[in-house]
There are 4 protein chains.
Amino acid sequence: MKNSIPRVNGPDDYTDEMADKRLAFIREKTGVEAGHIRKYSFDPARLQGNIENFAGVAQVPIGLAGPLLVNGEHAQGEFYVPLATSEGTLVASYNRGMKVIKESGGVKTTVVDDAMQRAPVFHFTDAREARDFGIWVTENFESIKAAAESTTSSGKLRNIEQYPAGKMMFLRFNFTTGDAAGQNMVSMATFAACEWIKHRYPGIQRYLLSGNMDTDKKTSYINTLRTRGKRVVAEMVIPAKVLEDLAGAPIDVLIRQRHVSNLGSFMAGANNNGAHSANGITALFIATGQDVANVAESSAALVYVEKTKENDYYYSITLPSLIVATYGGGTGLATQKECLEILGCYGSGKVKKLAEIVAATVVAGEISLASAVMAGEWVSSHEKFGRNR
Amino acid sequence: MKNSIPRVNGPDDYTDEMADKRLAFIREKTGVEAGHIRKYSFDPARLQGNIENFAGVAQVPIGLAGPLLVNGEHAQGEFYVPLATSEGTLVASYNRGMKVIKESGGVKTTVVDDAMQRAPVFHFTDAREARDFGIWVTENFESIKAAAESTTSSGKLRNIEQYPAGKMMFLRFNFTTGDAAGQNMVSMATFAACEWIKHRYPGIQRYLLSGNMDTDKKTSYINTLRTRGKRVVAEMVIPAKVLEDLAGAPIDVLIRQRHVSNLGSFMAGANNNGAHSANGITALFIATGQDVANVAESSAALVYVEKTKENDYYYSITLPSLIVATYGGGTGLATQKECLEILGCYGSGKVKKLAEIVAATVVAGEISLASAVMAGEWVSSHEKFGRNR
Amino acid sequence: MKNSIPRVNGPDDYTDEMADKRLAFIREKTGVEAGHIRKYSFDPARLQGNIENFAGVAQVPIGLAGPLLVNGEHAQGEFYVPLATSEGTLVASYNRGMKVIKESGGVKTTVVDDAMQRAPVFHFTDAREARDFGIWVTENFESIKAAAESTTSSGKLRNIEQYPAGKMMFLRFNFTTGDAAGQNMVSMATFAACEWIKHRYPGIQRYLLSGNMDTDKKTSYINTLRTRGKRVVAEMVIPAKVLEDLAGAPIDVLIRQRHVSNLGSFMAGANNNGAHSANGITALFIATGQDVANVAESSAALVYVEKTKENDYYYSITLPSLIVATYGGGTGLATQKECLEILGCYGSGKVKKLAEIVAATVVAGEISLASAVMAGEWVSSHEKFGRNR
Amino acid sequence: MKNSIPRVNGPDDYTDEMADKRLAFIREKTGVEAGHIRKYSFDPARLQGNIENFAGVAQVPIGLAGPLLVNGEHAQGEFYVPLATSEGTLVASYNRGMKVIKESGGVKTTVVDDAMQRAPVFHFTDAREARDFGIWVTENFESIKAAAESTTSSGKLRNIEQYPAGKMMFLRFNFTTGDAAGQNMVSMATFAACEWIKHRYPGIQRYLLSGNMDTDKKTSYINTLRTRGKRVVAEMVIPAKVLEDLAGAPIDVLIRQRHVSNLGSFMAGANNNGAHSANGITALFIATGQDVANVAESSAALVYVEKTKENDYYYSITLPSLIVATYGGGTGLATQKECLEILGCYGSGKVKKLAEIVAATVVAGEISLASAVMAGEWVSSHEKFGRNR
């Protein structure tokens with residue numbers, strides 16, 4: 001069919017010639033000469049497993065921000081952060097926040113939980129059978145775990161959560177997945193477990209590998225509560241003096257403003273009571289070859305602040321469902337690998353380091369925007385809160 | 001400071017030399033030779049307004065899917081869709097869905113609402129003053145509108161929603177913004193309106209330009225309910241025969257499966273009862289120069305299906321907060337502009353066309369994945385659902 | 001059928017004899033002698049329209065709390081509040097809070113919005129028709145309003161919100177309903193409006209009087225955002241001295257504790273970031289003849305606090321969907337009417353007064369419990385927070 | 001103080017004389033002669049622990065519905081259900097639904113989970129300490145359990161969930177509580193556990209007994225997901241013939257209508273995709289002496305339906321956070337005890353039976369209202385869906 005995009009099967013599909021053919025096809029169909037798209041700088045052979053119908057690349061501008069001072073368990077020291085975006089002021093804003101972080105002694109980062117899911121649903125004749133199946137799953141966890149882990153060397157089944165409803169049992173399989181984001185790994189492992197179960201437990205009417213409680217590529221309360229990917233906390237203390245220079249406002253004003261932002265986001269039913277964490281996360285995801293669609297989940301955030309005994313500003317943000325990888329997906333591609341290397345995050349055992357850098361970067365953006373908003377308030381209100389009155 | 005990323009102010013910052021300097025700085029700091037990042041194919045001078053501390057580009061693979069048959073009001077005919085991703089099988093899956101769409105006669109797309117927000121919050125002495133202020137805002141809408149629109153030629157203030165809480169009045173200014181996504185446009189317009197208000201209405205203690213009810217870069221119930229960006233519906237009817245070939249299951253099984261997915265997402269508290277709309281949206285956003293961080297909002301979706309009188313499958317998905325632009329942001333960059341041109345979406349008056357293409361693409365991915373899951377169920381259950389085959 | 005509960009049609013069903021017959025039937029079926037249930041003190045004839053198959057009453061203990069000092073627009077002065085509950089300590093706790101309110105100069109209450117809904121859904125061939133129908137609804141609002149209001153003397157149609165999804169248009173009719181809660185009134189009025197619409201607008205496939213976006217007897221984000229029943233704010237300033245005596249903690253500890261409670265409820269996905277507003281609301285609802293099932297919606301709450309310039313504690317709670325009535329339903333029954341009279345809320349034009357008293361009562365409970373929790377913290381932590389005592 | 005409601009301490013407060021004094025006080029203050037409130041039929045001495053400042057009772061009308069045919073594990077056979085309400089048509093509607101249930105062979109009920117919570121929050125210096133504390137909690141679960149259970153004979157600590165955020169660890173202690181609802185029991189047990197922890201684990205800055213993740217008297221996603229009180233499923237199959245007589249519509253119309261209701265409630269952000277479960281729950285709660293404020297949580301519901309192979313209608317509703325008791329609270333009061341006895345639910349070991357009856361009652365109301373709505377659709381649309389065309 002002459003409307004079909006040119007394609008051959010297998011490795012031969014990943015060549016300059018095939019890219020040329022496709023762009024020629026596009027030119028014929030649309031009249032568009034896609035010269036820039038074709039200007040990739042690598043051998044397309046490496047793209048097998050990353051793309052189909054390859055025709056070239058999107059060139060997304062990268063700006064550098066930093067140094068970002070991180071006091072993590074895995075990320076330690078100063079980092080220069082490549083941010084891929086076309087939104088003006090984004091890099092400048094994050095850069096500004098990183099300066100505040102440095103003046104404040106750095107941001108402390110901690111991965112507090114780690115779980116990737118596949119959530120199958122099993123159908124039964126009635127709710128009692130569904131419940132009894134749940135008891136059996138608990139009793140047979142070790143065997144189910146063995147069946148699941150038979151498909152993977154790095155995936156480990158941590159536990160299985162149960163959510164009974166109607167005559168169904170929704171299960172949520174929680175895995176750790178090494179340096180990979182792990183969505184495919186856990187799908188295969190969970191499928192193996194489900195097939196093992198299906199042949200051993202009588203009375204299953206049917207099962208589906210996903211009952212939409214995973215919740216993949218979707219933000220949800222279950223992800224925020226129970227973690228999806230890494231649960232990372234980034235926290236810092238901004239000294240009172242730094243704070244006033246920054247926001248032009250004393251700490252009590254910032255504390256009050258946080259109550260307002262909490263209320264606005266709570267009333268709105270948002271997945272995030274912070275400002276714009278998605279900006280930094282997305283720019284880092286594009287730069288480092290992450291699955292950018294996971295911004296859906298990864299954009300959830302929980303901000304908590306305090307005035308310390310010394311009248312300094314304790315700031316924290318918790319990313320409850322940050323999905324990152326330093327292995328698999330787009331992490332090995334040309335520019336993506338370079339960006340990971342710039343962060344010292346390429347190679348095995350680096351995924352938590354990357355998670356910490358992402359969370360630290362998010363803090364830079366939050367501090368920067370919040371202080372800009374505060375400075376605006378300060379100006380707009382000519383308020384003297386506690387000072388010259 | 002030798003730790004500072006090299007920078008000069010103004011247009012001179014956007015040169016090959018400055019990119020080289022920054023990569024040299026990175027090499028010195030990290031030992032990484034970022035050769036691929038430097039391989040952009042355009043003149044960096046055009047990047048002013050899109051990036052700061054420019055050092056090169058992320059090269060994100062583009063695959064082509066199509067033809068996608070769209071029966072929109074603005075998008076009509078067959079489209080070849082550039083998808084920028086590094087997630088293997090994504091392009092193939094969307095491509096498969098587009099075949100089903102074509103066999104089914106195309107997907108119908110409709111932009112049903114359009115609104116971009118900035119949501120300031122005004123503080124008063126007590127709730128009564130906040131409420132009375134709301135009455136005044138309603139009475140003075142035309143003047144406020146004039147003040148807001150004085151800052152923009154394309155932004156139009158549609159209405160102002162009021163959300164009183166405590167002694168505050170949260171306002172939500174809803175604009176149409178032409179071909180731009182409009183976040184900056186509405187910020188400036190709302191700021192002008194707020195300043196106008198501040199000087200006319202007595203008793204305002206202070207205001208903040210955002211009370212976190214916008215909700216920018218965050219998914220929320222308010223966005224889903226009241227629209228953010230475009231509210232687009234994509235719908236189609238899949239003939240029974242196509243459906244059975246596709247999913248290997250009769251329509252009643254798909255209808256039942258939708259109930260299961262609805263329940264799973266409802267119980268999980270997800271922002272989306274569909275499968276993975278974020279995948280297609282993100283890949284199109286990267287390719288066409290959208291603000292990719294808006295995947296946070298844009299990933300919300302509402303699926304509704306029906307069995308028709310003819311036993312065909314009516315499928316619809318509503319994207320209540322899809323943020324797209326064909327003007328401004330990254331839309332004019334080298335590869336991004338080419339991708340918009342491939343879709344016939346570059347230039348003025350094209351934003352609704354692009355919104356329709358995005359929504360139609362989303363349908364392709366949903367149909368493709370849902371049928372794959374269904375086929376899996378069918379196989380796994382050897383179920384005979386209502387007949388003997 | 002001898003298993004049937006004894007019944008006659010019409011007024012004759014509401015007699016002592018019928019109650020006796022039913023209790024005799026129960027005795028025969030279950031052996032239970034329901035002597036206390038039978039001990040009502042009024043003429044059952046008045047129950048027509050309030051109950052079917054009447055057999056007696058539940059006797060729910062009433063405790064008195066007060067005086068509650070209210071500085072409302074409608075409720076002014078000191079009130080003694082009848083609370084019907086069987087939960088020990090509830091009355092004592094609210095009573096304690098009322099003392100704090102009095103010491104602090106009273107609680108200020110304001111009804112900031114007022115809307116009761118019925119939300120029909122209209123089906124069309126496709127999304128375009130649904131959207132176009134929405135335009136027609138806007139253009140014909142005055143006629144639709146006339147049709148709706150033809151069925152009621154006290155209900156007034158304020159506006160109609162539109163929520164398009166798929167090929168449907170969900171409408172949300174917002175009424176004011178005088179002194180009644182108004183659910184039945186708005187159902188009849190909306191039905192009349194829908195029938196009027198159905199005969200004038202071509203292309204409606206079908207409509208349902210409720211598309212589950214009302215959302216009646218259910219809490220929801222739409223209720224919290226857009227108001228259901230009365231939206232009432234209760235606010236007060238607790239002087240620093242009163243606060244310390246009360247909670248044994250300085251104001252900064254309370255401010256911090258509010259951040260913790262905000263975070264907990266936000267992460268949990270609660271409909272209320274306060275403590276236990278449902279307790280006071282329910283006890284007042286039972287006492288005063290409200291539709292107690294509306295506790296589902298009415299329990300939503302939004303707490304916002306501030307430290308004032310004088311270091312006092314500004315506390316506010318917003319009840320966004322408080323459903324109350326002083327007319328209709330159970331408000332005219334024997335004990336219920338007495339309780340309304342005790343509050344000075346029986347008779348016409350009293351519904352906002354009652355709303356204010358409910359909100360003020362809620363504050364008493366929140367302050368009381370919060371301070372108890374705080375006192376616990378103080379003790380448990382032996383914390384010195386900023387000073388040496 | 002002459003504004004004080006008359007009170008004496010201890011048992012002497014619970015007498016007819018004290019009630020008289022309080023009503024005299026009210027008469028003096030308000031002029032209201034509260035004769036009906038005073039007409040209780042029991043000895044107030046038994047009220048100690050249930051109420052303070054006792055002055056009389058609310059007389060809430062009770063109507064009888066039934067027989068309700070339940071095929072539960074704990075509730076088996078026909079029940080006559082006392083419903084306390086003043087909302088006309090409620091009893092009639094539930095009664096109608098119970099007839100449909102009987103014609104359909106009864107409703108099957110299953111308690112699938114059981115957990116009552118108290119959720120303290122522990123503060124640390126930073127997120128790492130919070131996380132490490134979590135590990136210690138897991139390792140010391142048996143000792144913590146022993147400390148908790150030392151305060152109660154019937155409460156059993158099932159597990160402790162962990163929700164880290166910022167520098168805090170929110171814990172959620174899940175107990176079973178015998179026949180009691182258990183909120184007080186678990187508070188005391190959790191307090192004992194927290195004190196035990198506090199003296200053994202160094203580095204705790206402070207803790208609060210509730211971090212607002214319990215979430216008591218509030219609906220929340222965490223309650224729906226993780227259960228609060230009993231998680232009960234009620235399910236039934238309505239034969240096609242019964243269904244058509246009932247709703248006047250074939251099954252496919254009901255299936256479609258369910259999709260509409262699912263969509264409406266999902267878009268609205270409701271805690272319930274059903275119709276009005278709060279009605280039946282509230283009426284039973286008032287009649288049987290439950291803590292009626294728990295309607296806030298108990299009103300959450302998850303409806304799931306299917307067309308069976310035989311074209312019958314499988315209907316299920318899951319109540320994920322139904323809080324009931326047959327011991328403690330108001331269950332031993334005069335009329336409340338009689339109502340429990342009528343249901344055969346008074347005495348030990350009856351709480352799951354009551355939970356099943358509540359869930360079965362809810363089904364009656366849902367079926368009744370849904371069929372009424374459907375019948376309305378049928379009439380309004382004159383649609384012939386699949387029959388006479």
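These notebook entries record what I looked up in this structure, which is a predicted model.

**Entry on B:Thr85.** I began with B:Thr85 and found it in chain B, in the loop that runs between strand S2 (76-84) and helix H2 (90-103). Is this residue buried or exposed? I noted a relative accessibility of 8% for B:Thr85, and because buried means under 20%, the residue counts as buried. Leaving aside residues up to four places away in sequence, I listed its contacts as B:Val60, B:Pro61, B:Leu90, B:Val91 and B:Ala283 in chain B, together with A:Asn50 and A:Ile51 from chain A. I also looked at the side chain of B:Thr85, and one of its polar atoms lies 3.0 Å from the backbone nitrogen of B:Glu87.

**Entry on aromatic rings.** I then turned to the rings, and over all chains the structure holds 58 aromatic pairs. One aromatic cluster that I wrote down is formed by A:Phe122, A:Phe124, A:Phe133, A:Trp136, A:Trp196, A:Tyr201 and A:Tyr207. Looking for charges over rings, I found A:Lys167 over the face of D:Tyr314, at 4.2 Å from the ring centre, and I found C:Lys167 over the face of B:Tyr314, at 4.2 Å from the ring centre.

**Entry on chains A and D.** How is chain A superposed on chain D? I noted a rotation of 180 degrees with 0.0 Å of shift along its axis, giving an RMSD of 0.0 Å, and that is the relation of a two-fold axis.

Technical notes: Residues are numbered from 1 along each chain as its sequence is written. Chains are lettered from A and ligands numbered from 1 in the order in which they are written. This is a predicted model: local features need pLDDT of at least 70, side-chain atom pairs count only at pLDDT 80 or more; totals for chains, interfaces and linings use all residues. Side-chain values use heavy atoms; hydrogens and water are left out. Helices (H or I, at least four residues) and strands (E, at least two) are DSSP runs, numbered from the N terminus. Buried means under 20% relative accessible area, exposed over 50%, partly exposed in between (1.4 Å probe, protein chains only). A polar contact is a pair of N or O atoms within 3.5 Å; within protein, one must be able to donate a hydrogen and the other to accept it, and residues adjacent in sequence count only if both atoms are side-chain atoms. Contact means heavy atoms within 4.5 Å. Rings of Phe, Tyr and Trp (its six-membered ring) pair if their centres lie within 6.5 Å; planes under 30 degrees apart count as stacked, over 60 as edge-to-face and the rest as tilted. A charge sits over a ring if NZ of Lys or CZ of Arg is within 6 Å of the ring centre and within 35 degrees of the ring normal. Copies are superposed by least squares on the C-alpha atoms of residues with pLDDT of at least 70 in both.
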